[in-house]
Amino acid sequence: MSVRSGQVTPLGSPCPAGRVSEWSVQGAHPPVAVLDRVSYLYPHSDRPALSNISLEIRRGEFLGLIGPTGAGKTTLCLALNGVVPQFYGGRFFGRATVAGLDSLDHPISRLARHVAVVFEDPETQITATSVENEIAFALENLCVPRDEILRRIAWALEAVRLEGTEKRPPHTLSGGEKQRLAIASSLALCPDLLVLDEPTSQLDPVGTQEVFATVRELNRTLGLTVVMASHAAEEMAEFADRIAVLDRGEIVQVGPPDEVYADGVRLAQLHLRAPQVAETFALARGKGLSVPRIPVRLQEGIALARDLSMQHPLDQPVACPEGIAGHPLPGTDKAPLLSVRDLHYTYRDGPEALKGITLDLYAGEYVLLVGQNGAGKSTLVKHFLGLLRPAQGQVLLAGTDTRTLKVSALARRIGYVAQNPDHQIFNATVEEEVGFALRHLGFSKRQVRATVDESLDAMGLSDVRDRHPLALPRGDRARVVVAAILAMAPEVIVFDEPTTGQDYRGAQAILDVSRQLHEQGKTIIVITHHLYLMADVAQRVIVMGAGRVLLDAPIREAYHADDVLASTRLTPPQAVLLAKTLHASFGMDDLCPLLTPAEVAGVLARTGGPRWDS
Amino acid sequence: MGLVKPGSRTSPLSRLDVRPKLALVGVVTVIAFVWESPLLGGGLAFLALLACLASGVRLGYLRNSLFLLLPFALLILITQGLFADEVIRMRTGQPTLTPWLTVPERVWWIGGASMSVEGMVYGLNIIFKMVTMTLLVPLLVFTTDADAMVLGMVKIRIPYKIAFVLASTLRFFPLLFADIQAITEAQRLRGLAPESMGPVKRARVYARLAVPLILGVIVKSQMLDVVLQSKAFSGSSHRTYLHESRLRPGDVALLVALALALVAVLILYWRFGIGRFGGPI
């Protein structure tokens with residue numbers, strides 16, 4: 001962990017002098033927060049959400065919190081500002097102190113002077129109608145004088161690089177900007193501790209980078225103490241000083257990222273994911289390559305890969321491995337299943353969202369639709385579903401113009417799994433949910449029963465058929481929706497951001513479902529920002545930006561088109577960036593465009609570099 | 001929020017302080033109640049409609065709002081036509097009213113009753129009152145920034161907590177409508193075609209909206225509560241404000257004009273009977 005010393009001038013901070021000087025000096029002061037044997041149970045729960053947690057949060061550090069869904073990360077974040085247990089109630093044991101204040105003895109409004117929290121959803125946490133009012137809100141509640149509020153607004157906006165947006169309504173900001181606004185609102189309080197609970201889970205990769213970079217800069221330049229819960233392993237490894245790993249309410253490990261993320265076996269046991277760079281070198285080590293230390297940050301990995309490839313050239317060319325990415329795309333000799341011709345669409349009072357899209361999708365394909373927020377992905381899919389009608393151009397389903405079909409008729413052929421499955425659940429039992437549409441589509445009771453049985457069985461939900469769908473975990477709720485859609489036997493299934501907000505296990509479970517459906521012959525379209533999860537399931541990638549198709553190519557080509565991806569705020573997975581380093585050394589002729597950590601590890605192990613057995 | 005055109009925030013009304021706008025709503029409501037003349041009442045409703053359009057309130061929103069009033073308007077027209085004789089005789093001094101339609105004797109309970117032209121005109125006057133007040137809501141809400149509304153209400157000594165809750169409620173409606181739309185869309189994407197169902201089946205399908213909707217509202221409001229607590233919100237009026245709510249010359253001019261208009265309407269009504277049912281206008 002890096003230890004800073006000396007005083008840093010905090011960008012002309014208007015915060016009280018004592019507070020600012022405390023921010024900048026680490027080690028000389030007591031910890032910002034101390035959790036001493038904290039256990040907590042929510043009301044009506046007999047399972048502790050936090051169990052015997054003891055943790056010191058050091059002044060000036062960036063502490064990452066990782067753990068699977070339900071591990072207690074959010075509860076721990078809320079225990080730091082007193083919302084747990086003061087707001088939720090329940091049973092709280094042990095002692096939590098922040099800036100010397102006991103979280104049980106001081107009201108949340110008092111603790112808010114010392115602990116600021118940024119939440120997951122950028123929409124819900126914004127309460128004002130302009131950027132400046134948003135920042136001012138908490139300061140007004142704390143009776144900060146008007147002139148001081150004005151000074152802090154200007155300073156906080158400068159610190160998160162949102163100057164000039166004071167009068168803008170927050171809803172006009174991008175997702176990343178909204179989270180930076182939430183950070184600015186927190187920063188303006190001059191807190192001792194900034195807590196961020198999954199602040200990037202809803203953002204595209206560049207928005208995620210923006211938020212992490214902003215937080216890291218505040219941590220480095222101002223010495224602001226940061227606690228951040230996140231599933232973003234690559235960024236956590238890059239930016240955090242220490243990582244605390246939670247599982248079922250307990251802290252099971254605390255250490256620097258190099259230590260935590262290098263232990264892939266332990267992470268896998270906890271259903272967590274290491275950064276791809278660490279996974280790649282761990283796999284290469286497993287194949288016999290001698291790696292003295294598993295790198296967890298991209299630049300370290302690139303340097304190591306470069307050294308290995310320069311010193312130990314390949315003895316023979318490497319062809320692309322077998323796998324879904326290697327499967328040939330359906331030929332154009334077949335008639336397309338979905339065909340889009342010169343599609344234009346403009347929202348009322350909005351910009352042109354689609355600008356002349358032309359593409360064909362073939363039966364049995366697994367296609368990714370990627371691009372920054374606002375690229376036009378959802379607008380395009382809404383045209384497939386009949387929710388939007390083309391302003392110009394055509395969408396054809398098996399040769400039929402979708403304008404001639406009702407939404408309900410299209411739904412029987414194109415199934416849609418929304419980002420939030422809860423919006424698609426209306427019934428009291430899983431069985432009723434799956435049979436819901438069938439009953440309205442004129443199926444007989446016997447047909448409904450048979451089809452429901454088949455769909456539940458396909459999704460592994462037979463055991464929970466009598467349970468309320470909303471009582472199931474989120475991954476299972478998504479499976480219920482998929483089962484309900486499967487019951488209608490559609491040819492195409494669209495997954496809209498299926499892995500957003502999911503932990504690694506949840507994301508894998510949903511992708512497994514999509515893989516099974518693809519193997520059954522369904523055409524799968526996935527809208528996603530999570531390129532790193534899709535490398536070994538998809539075949540084709542359509543990259544969209546500013547309402548246009550920027551690239552439509554097989555996945556190996558698309559993932560290596562980093563200029564095109566960057567133009568729509570996407571970054572290739574770390575494994576691809578490592579592969580590019582190898583390409584620079586070996587040349588493309590000798591090396592297939594690699595996609596996954598396993599593929600890159602395979603090549604690294606073949607470089608003939610030092611081996612365990614030599 | 002989708003119910004107003006983007007330009008509405010720059011309409012003349014949106015530039016005013018919330019206090020003269022609240023006064024406008026109050027004065028127009030009083031006038032609408034005072035006037036019984038369908039001609040003046042209709043004129044007032046028409047002016048409110050023009051003001052809504054000039055302020056950028058969407059035509060679609062206005063059409064839907066007025067459409068929702070339609071059954072109530074019909075009910076008022078019929079009941080006033082049938083049963084308002086007494087009131088009208090008292091106000092106009094007319095001994096008999098002009099029959100427009102007589103219900104056949106065989107009809108249960110109202111058989112033999114007669115709908116009078118005057119009663120229906122009186123009903124029209126009530127409908128115009130209802131329309132005017134319905135139009136005042138978007139005129140105030142859609143031209144006023146929620147934060148400015150809180151500030152204005154605090155200035156007229158409404159406790160901060162109540163002002164905040166009112167403004168938050170107004171802000172919550174668009175979110176609620178967005179959720180309803182998302183859920184309805186999700187149902188259609190599950191193959192349902194409510195438009196081709198009978199009314200009972202359709203009602204049953206729509207009733208199922210409640211589950212995800214209520215769940216969503218609970219989750220959102222709890223989240224909002226946590227967010228507010230984390231921002232040191234306690235509802236206390238003991239707080240500072242970034243903005244100051246100051247009356248500008250335009251605001252003062254409107255307040256004076258409203259006061260004069262109210263006085264003029266009352267004098268004209270009581271002194272000359274202008275606006276009375278059956279009066280000169």
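This is a predicted model: local features need pLDDT of at least 70, side-chain atom pairs count only at pLDDT 80 or more; totals for chains, interfaces and linings use all residues.
Author: Local features need pLDDT of at least 70 and side-chain atom pairs pLDDT 80 or more, whereas totals for chains, interfaces and linings use all residues. Residues are numbered from 1 along each chain as written, chains are lettered from A, and side-chain values use heavy atoms, without hydrogens and water.

Reader: How do you know which residues are in contact?

Author: Contact means heavy atoms within 4.5 Å, and 51 residues of chain B are in contact with 57 residues of chain A.

Reader: Why is the meeting of B:Lys231 and A:Glu134 called a salt bridge?

Author: The term asks for a side-chain nitrogen of Lys or Arg within 4 Å of a carboxyl oxygen of Asp or Glu; here the N to O distance is 2.4 Å, and therefore the pair qualifies. Across the interface of chain B and chain A, the rule finds 3 salt bridges.

Reader: What makes a residue pair a "polar contact"?

Author: A pair of N or O atoms must lie within 3.5 Å, and within protein one must be able to donate a hydrogen and the other to accept it, while residues adjacent in sequence count only if both atoms are side-chain atoms. Across this interface the rule finds 17 such residue pairs, both residues at pLDDT 80 or more.
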